Amino acid sequence: MIRQEPTTSRAPEGTAPLFEVRDLTVAFVGESGPVPAVRGLSYALSRGEVLGIVGESGSGKSASALAVMGLLPSSATVSGSVRLRGEELLGLSDRRLARIRGSRIAMVFQDPLSALTPVHRIGDQVAEAVRIHQGVSAAAAHDRAVELLDAVGIPNAAQRARAYPHEFSGGMRQRVMIAMAIANDPDVLIADEPTTALDVTVQAQVLALLETARRMTGAATVVITHDLAVVAGIADRIVVMYAGKAVESGPVVPVYADPRMPYTIGLLGSVPRLDRPGRPLTPIEGAPPDLARLPQGCPFVSRCPVNVPVCRTIEPALEPVARSDRRAACHRRGEIAFGRIGGAPVFPLPEIASAREESPRDGRPAVLEVRQLVKRHPITTGVVLRRRIGTITAVDGISFDIREGEALGLVGESGCGKTTTVMQLLELAAPEEGRVSMLGRDIASLSRDGRKHLRREVQVVFQDPFASLDPRLPVGDIIAEPLRAFGVSLDRRHGRVRDLLDLVGLSAEHANRYPADLSGGQRQRIGIARALALEPRLLVLDEPVSALDVSIQAGVLNLLEHLKVHLGLAYLFVGHDLSVVRHVADRVAVMYAGRLVEVGDADEVFGHPTHPYTQALLSAVPIPEPGTERQRTRILLDGDLPDPADLPSGCRFRSRCPLFARLPPERRRRCSDVDPPLEPRSTGDHQSACHWARDNPILPAGAGRSRTGRSDTD
Amino acid sequence: MSLPTDPFLAADHRLVPSAGGRTGAPEDVVVLGRRRLVLARLRRNRAAMAALVVLVLLVVAAVLGPVTYRWITGWGYIGQDRTALLQPPSAEHWFGTTLIGVDVFAQTLRGLQKSLLIGFLAAVISTGLAAVVGAFAGYLGGWVDRGLMWLVDLLLVIPAFLVVAVLGRGLGEAGWPVLTLLIALFAWMITARIVRGTTLSLREREFVLAARFSGVSVPGIVFRHLIPNMSSLLIIDATITVATAIIAESGLSYFGFGVRPPDVSLGSMIAVGTPSAFTSPWLFMFAGGLLVLTTLAVSVLGDGLRDALDPGSTRRAGR
Ligand code: SF4
Ligand code: SF4
């Protein structure tokens with residue numbers, strides 16, 4: 001399953017554009033007049049070319065795609081021009097547009113579940129897409145549908161075609177969407193956030209499939225995403241959008257290497273990179289402007305560290321950057337080179353307290369110790385009389401510990417049991433099996449009072465800052481809540497709220513606002529302030545930045561780092577984004593199907609992963625640098641997580657293990673007979689659970705620190 | 001993303017400094033807390049403030065009116081003026097008199113007093129009961145839930161009118177508090193079921209989990225998070241109950257349970273006055289007008305309160 005990514009350049013020369021968008025504008029109806037969403041977007045694509053459109057939420061990237069497809073509600077006003085092979089599409093009647101849509105322009109949506117009709121079989125839906133546009137017989141269409149499903153890698157296509165959408169996993173549904181999109185050999189393929197909700201290994205599968213689809217159909221492809229790393233791997237050219245406008249465009253390699261617009265520089269600087277763990281992140285402060293009340297001048301001016309007076313009055317146009325086919329919308333584009341302006345970086349590096357005290361790990365006391373923790377869920381049927389028909393073991397005997405001042409990253413894909421683990425720990429309830437002790441106290445032996453006391457020491461920050469703050473409480477009350485629960489007096493509470501707001505980089509005025517008045521990043525800071533109110537020793541961070549835009553993410557990550565050093569906190573950082581975990585964690589535990597498969601020092605695990613699953617995970621994470629990204633070897637995993645009620649015998653990873661597939665039969669037997677325990681690898685306390693584990697550095701050189709010692713453990 | 005700012009609470013979208021940065025002197029800002037913020041928002045709502053004034057005036061009239069009137073004209077709701085039977089409004093009898101010469105103004109004030117008392121008491125009891133029972137049942141689940149919901153279902157199938165009729169019989173003069181209680185007791189079940197349903201979905205929300213994991217007790221979660229997040233529902237329910245309780249009481253009075261002559265309520269006055277609405281409209285007109293005014297003021301105030309409690313609503317309403 002190891003595949004070399006194609007690295008050939010496919011930029012065609014001298015051909016007339018196949019697909020051209022000129023001056024596209026979109027405005028929605030707002031409370032007080034029209035609100036612009038896209039303000040003049042232009043791009044052109046030739047056959048087989050891939051364009052990446054990158055932007056944060058509200059940048060207008062999705063609205064532009066919907067406008068091109070004619071899928072916006074009629075209340076939106078669209079102007080400009082969209083031409084396919086010279087034919088104007090804007091202003092066509094719905095019927096003519098519907099014929100073009102799906103046959104000559106196809107779209108892949110972010111949420112495949114809502115794009116598929118739940119009550120029809122998958123095969124019928126694909127067949128329908130074929131029939132509408134090709135006018136073939138039902139039987140022929142069905143055969144073609146099965147063929148297509150097979151082509152997009154759905155195993156057992158003939159049989160699976162009879163399944164309904166809900167019986168498919170997210171990745172499988174996205175495959176079906178792609179099958180429908182390529183059913184009629186489209187000229188243009190538009191993918192709107194095609195991988196956003198997917199796990200990283202599935203994302204890699206889908207991206208590889210998009211690449212295959214492009215090659216099969218030769219379609220010009222537009223990939224719309226917020227993820228710079230995805231674009232780096234797949235696109236030939238990139239358009240960066242901000243506040244409804246393209247602010248930078250050009251071929252990917254030079255744009256990533258030498259961005260000229262401060263926003264692009266900021267974006268690239270704020271993404272944590274798997275291959276540059278120590279690099280400090282430069283957040284872009286503030287929030288994007290309100291499109292209903294756009295300021296005069298450059299829309300980025302309030303967040304731009306290098307703005308000059310002219311920026312406040314004249315909005316810069318997207319103009320060519322000297323001697324190239326690149327463009328940037330910035331008055332100072334000529335002065336900026338390689339992220340620097342006049343010798344100084346455009347985004348100054350933030351001060352990060354880097355003095356991580358290096359007292360040896362063994363010497364520090366354990367904040368959390370988990371030994372052979374097991375958590376089972378009953379499976380029941382019936383509504384009135386619940387009958388227990390079996391159990392699912394969501395967490396099956398995991399052990400790890402977190403020392404004082406240390407961040408442990410718990411990574412794994414959705415369904416691997418990491419959330420169950422966290423909830424079990426936060427409940428502070430005695431585990432069904434195994435032992436959990438916090439700060440040296442065994443949870444099972446705690447009294448009610450003792451438990452309440454321990455609550456002070458363990459606090460949590462949730463993933464979604466929009467859901468984790470009570471919308472009806474002002475921020476001050478939200479932060480003071482834990483204090484109130486522990487009987488702190490009103491006066492002291494108010495003082496503490498001010499201190500906490502200050503600590504997380506907000507001002508005291510925020511105490512009197514409601515969560516709805518704040519941006520995502522500000523809310524997450526409030527979530528952090530609340531978690532810190534009781535001065536805990538361990539902070540459980542459950543995907544704390546995955547709901548935030550990249551530019552905001554960096555600020556929160558820096559804050560977490562700052563707090564960890566200053567307050568000596570220990571973190572249990574749960575995440576699926578390995579780049580983020582790489583940036584934050586000192587140690588990593590990789591979880592698969594309820595078990596830990598690899599644990600150890602972050603440098604060790606990321607630099608020299610020994611378990612095939614860790615290797616596959618790491619290889620699937622895209623890196624936001626086109627040159628590096630295109631030379632990487634990707635290990636693609638087949639299929640999805642095994643059904644927890646029906647795990648394979650022996651090693652749980654066997655059904656998807658690329659190493660297993662290549663083993664000689666006599667070695668395979670060991671995998672299928674014996675469940676591999678966690679065993680130490682090399683130096684330190686690096687452990688992994690694989691019989692045939694071997695070191696396989698996945699990341700480009702320079703990622704981990706060099707090391708000597710054995711590289712093969714058999 | 002940019003969210004519009006509440007025009008009252010804060011000035012602008014301030015740029016947030018990164019970790020360690022400071023703006024201004026934090027000591028200057030007073031942390032207000034929810035109660036004061038809600039009151040401040042309510043005060044800005046003109047319609048709600050007008051309704052509040054009307055309600056206060058009604059209450060004042062109901063409490064002080066009878067005494068004052070007796071002092072001015074010498075008439076109460078019990079005495080009869082045998083010289084003026086079924087007279088239209090005059091300087092002597094401001095709202096006229098009844099068939100047997102009782103002063104209608106005095107009666108109306110007395111009726112208002114009774115009806116307000118019954119309406120508000122019934123609403124507070126029934127909505128409060130619904131909120132507490134529904135929220136605890138939904139949040140705690142298990143046998144608490146099953147037990148409470150069993151009670152709800154039981155009360156739903158008991159014919160309320162019969163119970164009220166039987167119990168209301170023997171109570172005589174002092175019957176109205178019991179009557180109020182009974183009205184409330186048979187009005188909360190459906191709301192409790194709705195509250196329970198809402199709680200089931202709120203329970204899984206992260207802010208409730210966050211409160212639980214930071215050590216907030218079960219009552220704390222119910223009263224600080226669950227119930228406030230259902231305030232729109234509860235306030236609408238309470239305003240409706242004020243009106244229905246007043247009307248229910250009048251219906252019961254009509255059948256002779258609850259408030260009985262010579263004591264009066266707005267309901268009983270309307271019931272008595274309607275048959276002669278065309279010949280002597282003063283008998284029911286004033287009572288009817290006050291009933292409409294009361295329910296209207298209650299619901300406008302309820303609307304305002306709901307908006308004040310819901311941070312998102314100011315924007316939509318544009319007040
Ligand atoms: S035009 Fe001015 S404000 Fe806008 S990005 Fe360039 S330097 Fe910054
Ligand atoms: S034990 Fe076998 S199946 Fe499991 S990860 Fe190792 S090689 Fe793969």
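Helices here are DSSP runs of H or I with at least four residues, while strands are runs of E with at least two. With that in hand, here's a quick look around this predicted model. Counted that way, chain B has 13 helices and zero strands.

**Chain B as a whole**
- Reading along the sequence of chain B, you get the pattern α-α-α-α-α-α-α-α-α-α-α-α-α.
- Chain B runs to 319 residues, and 50% of them are buried.
- Take the contacts in chain B with a separation of 6 or more: 71% of them come from residues 24 or more positions apart.
- The accessible surface of chain B is about 15,300 Å², and carbon and sulfur atoms hold 70% of it.

**A closer look at Gln125(A)**
- You'll find Gln125(A) in helix α4 of chain A, which spans residues 122-134.
- Gln125(A) has a relative accessible area of 9%, so it counts as buried, the cut-off being under 20%.
- Setting aside neighbours within four places in sequence, Gln125(A) is in contact with Leu116(A), Thr117(A) and His120(A), plus Pro165(A) and Met180(A).

**Around ligand 2**
- Ligand 2 sits in the second largest cavity.
- There are 13 residues around ligand 2, and the ones that come nearest are Cys651(A), Cys657(A), Cys671(A), Cys690(A) and His691(A).
- Sorted by class, the shell around ligand 2 holds 10 nonpolar residues, two polar ones and one charged one.

Terms used. Residues are numbered from 1 along each chain as its sequence is written. Chains are lettered from A and ligands numbered from 1 in the order in which they are written. This is a predicted model: local features need pLDDT of at least 70, side-chain atom pairs count only at pLDDT 80 or more; totals for chains, interfaces and linings use all residues. Side-chain values use heavy atoms; hydrogens and water are left out. Buried means under 20% relative accessible area, exposed over 50%, partly exposed in between (1.4 Å probe, protein chains only). Contact means heavy atoms within 4.5 Å. A residue is near a molecule or strand if one of its heavy atoms lies within 4 Å of it. On a 1 Å grid over the protein atoms alone, a cavity is a set of points where a 1.4 Å probe fits but cannot get out, and a pocket is an open set with protein on both sides within 12 Å along at least five of seven lines; lining residues have an atom within 4 Å of a point. A molecule sits in a cavity or pocket if more than half of its atoms lie within 2 Å of its grid points. Ala, Val, Leu, Ile, Met, Phe, Trp, Tyr, Cys and Pro count as nonpolar, Asp, Glu, Lys and Arg as charged, and the others, Gly among them, as polar. Accessible areas come from the Shrake-Rupley method with a 1.4 Å probe; for residues, only the protein chains shown count as cover.
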